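Trainee: I'd like to learn how to read a model like this one, feature by feature. Could you walk me through it?

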Amino acid sequence: MPAPLKRTLRRAYDAAARAYLTPLLRHEQREPPVDGVGEYLFQFEFALRAVARHAPKELVDVGSGLSSWPHLVAETGVRVTATDEMRSYWGSMFNRHYHVIPDDITNTRLDKQFDMVTCLGVLTTIADDRPAVRNLFRLVKPGGYIVATFAYSETRPVPNVYVLPGAGYGQDLRYICRMFSREEIDAWLEENGGEIELQEYYRVFTGELWTFGERLHPPVRVGPDELHQYTAISIRKTS
């Protein structure tokens with residue numbers, strides 16, 4: 001394509017994008033889409049540190065949703081593939097930050113391996129974690145890393161916090177909130193061949209479980225023996 005035609009098409013594209021996005025961006029500046037400081041604060045921070053440590057050439061983000069995370073990583077020079085199942089969680093969705101490929105991690109159609117897989121907050125919404133985790137390991141190269149975040153209690157797994165008496169919210173949501181424990185993580189490592197590089201724990205609420213009690217602003221990073229409801233983990237694939 002001739003250079004002048006490329007410039008003309010680029011200007012037309014930019015004009016159309018501005019017309020669509022400017023009112024939305026102005027609205028979000030006045031009324032932010034997230035109310036207060038939430039768990040994305042430490043999820044992005046933990047995952048970005050993993051990207052900085054290992055500098056992957058190619059990364060796949062599983063369950064990107066509406067998040068700007070894949071675009072943020074791509075801005076660092078990493079080649080990013082973003083995926084999301086789209087239907088059961090969102091109903092329908094369009095990520096205006098980055099191109100997202102329809103794909104279900106419990107039955108993925110991706111046929112290549114990446115240096116790193118990020119999966120932020122997604123496993124919490126999946127009832128049967130085994131096929132999802134198996135595919136996370138399948139998508140990463142030997143020696144590569146899986147970076148995941150999810151609701152967590154060191155000793156008390158919960159199939160769905162939202163249905164418990166005392167849950168602060170979630171009863172009317174179309175998805176579950178599963179809290180994992182050390183038992184599930186140990187099983188992932190044994191069944192799929194992995195070792196923990198780093199795990200961190202976060203207290204987001206004042207109560208024992210996710211959504212229980214008052215939400216903390218900001219969340220607090222704590223030790224494994226202290227009250228927590230969420231974890232961030234980096235797993236190295238060993239086989």
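Trainee: Which residues is Glu 85 in contact with, leaving aside its neighbours within four places in sequence?

Mentor: Contact means heavy atoms within 4.5 Å. By that rule, Glu 85 touches Asp 103 and Asp 104 once its neighbours within four places in sequence are left aside. Keep in mind that this is a predicted model, where local features need pLDDT of at least 70, side-chain atom pairs count only at pLDDT 80 or more, and totals for chains, interfaces and linings use all residues. Residues are numbered from 1 along each chain as its sequence is written, and side-chain values use heavy atoms, with hydrogens and water left out.

Trainee: Where does Glu 85 lie, and is Glu 85 buried or exposed?

Mentor: Helices (H or I, at least four residues) and strands (E, at least two) are DSSP runs, numbered from the N terminus. Glu 85 sits in the loop between strand 2 (79-84) and helix 4 (87-90). For burial, under 20% relative accessible area is buried, over 50% is exposed, and in between is partly exposed (1.4 Å probe, protein chains only). Glu 85 comes out at 18%, so it counts as buried.

Trainee: How many helices and strands does the protein have?

Mentor: Six helices and eight strands. Going along the sequence, the pattern reads α-α-β-α-β-α-β-β-α-β-α-β-β-β.

Trainee: How many of the residues of helix 5 are buried?

Mentor: Eight of the 11 residues in helix 5 (residues 129-139) are buried, so the rest of the structure largely encloses it. Among them are Pro 131, Val 133, Leu 136 and Phe 137. The cover over those buried residues includes strand 1 (58-62), strand 4 (114-120), strand 5, helix 6, strand 6 (194-205) and strand 8 (230-237).

Trainee: Now rings. What describes a pair of aromatic rings?

Mentor: The distance of the centres and the angle of the planes. Rings of Phe, Tyr and Trp (its six-membered ring) pair if their centres lie within 6.5 Å; planes under 30 degrees apart are stacked, over 60 edge-to-face, and the rest tilted. A search of the whole structure turns up 13 aromatic pairs. One of them, Phe 150 with Trp 188, is edge-to-face, at 5.5 Å centre to centre with 75 degrees between the planes. Phe 150 is in strand 5 (residues 140-151) and Trp 188 in helix 6 (residues 182-192), so this pair ties together parts 38 residues apart in sequence. Phe 150 is buried at 0% relative accessible area, and Trp 188 is buried at 4%.

Trainee: Which residues form one aromatic cluster?

Mentor: Phe 42, Tyr 202, Phe 205, Trp 210 and Tyr 230.

Trainee: What about the backbone? Which residues have a positive phi without being glycine?

Mentor: Ala 55 is one, with phi near 45 degrees; Thr 211 is another, at about 75 degrees. Ala 55 lies in the loop between helix 2 (40-54) and strand 1 and is exposed, at 56% relative accessibility. Thr 211 is in the loop between strand 6 and strand 7, but is buried at 1%.

Trainee: And which peptide bond is cis?

Mentor: The one from His 217 to Pro 218, with omega near 0 degrees. Pro 218 belongs to strand 7 (residues 215-222).

Trainee: Last one: what does the C-alpha trace span along its principal axes?

Mentor: About 65 × 45 × 30 Å. Of the protein's 239 residues, 44% count as buried.
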